[in-house]
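Work through these exercises with the sequence and the model open side by side. Try each task before reading its solution.

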Amino acid sequence: MVIVVHGGICVEEIPDVSEPLYRACISGMETLQNREAVDAVEEAVKVLEDDPRLNAGTGAFPNLLGEVELSASIMKDDFSCGGVAAIKNVRHPISVARAVMERTRHVLLVGEGANLFARLLGFEEYNPVAELTIRTLEKSIAKASQEKDSIYHYYLKRAREKLRRLYLGTVGAVALDRSGRIAAGTSTGGVEMQLPGRVGDSPIIGCGTFAWEWGGVSMTGEGEGIVKLGLARKIAEWMEKVSAQEAVNRGMELAQKFGVVCGAIAVRRDGEVGFGACGGTLTFAYFRKGMGEPYVFPPRS
């Protein structure tokens with residue numbers, strides 16, 4: 001049994017998110033003791049979504065209207081999967097994504113449709129705004145107010161530059177349970193300066209999240225680039241013939257070729273863990289059965 005989690009990729013100062021990563025690993029491993037991989041992934045991601053230092057769930061980045069639009073996806077190795085994008089006022093988008101997987105015939109629900117779905121299933125209204133949300137919005141407003149061009153033009157012109165300086169705090173988890181089943185999940189609040197309705201890689205199966213018979217993957221980073229390369233599926237499929245670490249390395253080499261800032265965590269069917277980043281530093285942790293405590297990077301202070 002093994003659980004791997006990530007708290008995003010950063011390209012400047014590395015934030016101290018070791019504590020929530022540690023707790024997410026503990027929660028995931030406790031869940032793996034008597035439940036399935038998909039349950040462990042959901043529980044681990046929920047821990048990360050609840051931490052206001054991370055850009056997922058509580059504290060997520062706002063769009064240019066000041067609204068928090070959340071995205072998430074989850075997948076099992078039998079190709080069952082579900083996702084939500086641009087959903088508002090929920091505490092745990094990863095749980096709504098799982099409900100899409102288990103309660104509908106669809107893969108992805110977005111916007112008002114996702115909101116209605118969550119309310120119909122009894123997910124309570126929740127305000128995810130936290131200090132990180134407010135700081136990010138203040139920065140966005142200050143930058144936009146200095147521009148003479150329209151916000152749309154400003155976004156197109158500057159987003160690529162900003163993405164390389166932001167803490168891209170998407171969170172995710174991949175787990176292997178005692179029965180050998182694999183699951184992966186990813187959750188995010190998006191990026192600074194995002195236009196309303198923007199969707200990145202996190203809720204899209206094969207881009208931000210993928211799991212199949214040979215392994216599972218969760219991505220973080222520059223969503224548009226990850227979508228174009230379909231990185232999560234590529235890395236997962238490479239694990240049929242190479243180790244988890246080699247598969248991640250190949251993914252990062254491909255990302256570097258196209259100038260995509262990103263990171264990945266992966267678990268192979270044999271329990272091997274892989275992790276890596278291109279253009280920044282990945283914050284992650286893993287916990288394997290038999291270990292005394294989770295390994296966390298950067299280390300706990």
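**Exercise 1: a strand and its partners**

Strand E9 (residues 215-221) pairs with strand E10 (residues 262-268) in the antiparallel sense over seven bridges. The model is predicted: local features need pLDDT of at least 70, side-chain atom pairs count only at pLDDT 80 or more, and totals for chains, interfaces and linings use all residues. Residues are numbered from 1 along each chain as its sequence is written, and side-chain values use heavy atoms, with hydrogens and water left out.

Solution. 
1. Strands (E, at least two residues) and helices (H or I, at least four) are DSSP runs, numbered from the N terminus. Two strands pair if DSSP finds at least two bridges between them.
2. Tryptophan 212 stands opposite glycine 215.
3. Cross to E10. There, alanine 264 is the bridge partner of methionine 219.
4. Check burial, where buried means under 20% relative accessible area, exposed over 50%, and partly exposed in between (1.4 Å probe, protein chains only). In a regular strand the side chains alternate between the two faces of the sheet.

**Exercise 2: an enclosed helix**

Task: explain why helix H3 (residues 93-103) is described as largely enclosed, and name elements that cover it.

Solution. 
1. Count. Nine of the eleven residues of H3 are buried, so the rest of the structure largely encloses this helix.
2. List them. The buried ones are Pro93, Ile94, Ser95, Val96, Ala97, Arg98, Ala99, Val100 and Met101.
3. Look for the cover, using contact (heavy atoms within 4.5 Å). The cover includes H2, strand E2 (70-76), strand E3 (81-87), strand E4 (108-110), helix H4 (111-120) and strand E7 (182-188).

**Exercise 3: two packed helices**

Task: describe how helix H8 (residues 231-238) packs on helix H9 (residues 244-257).

Solution. 
1. Get the geometry. The angle is about 145°, and the axes are 8 Å apart. Axes are lines fitted to C-alpha atoms over the stretch in contact, and angles run from 0 to 180 degrees between N-to-C directions.
2. Find the residues. From H8, Leu231, Lys234, Ile235 and Trp238 meet Ala247, Val248, Arg250, Gly251, Met252, Leu254 and Ala255 of H9.
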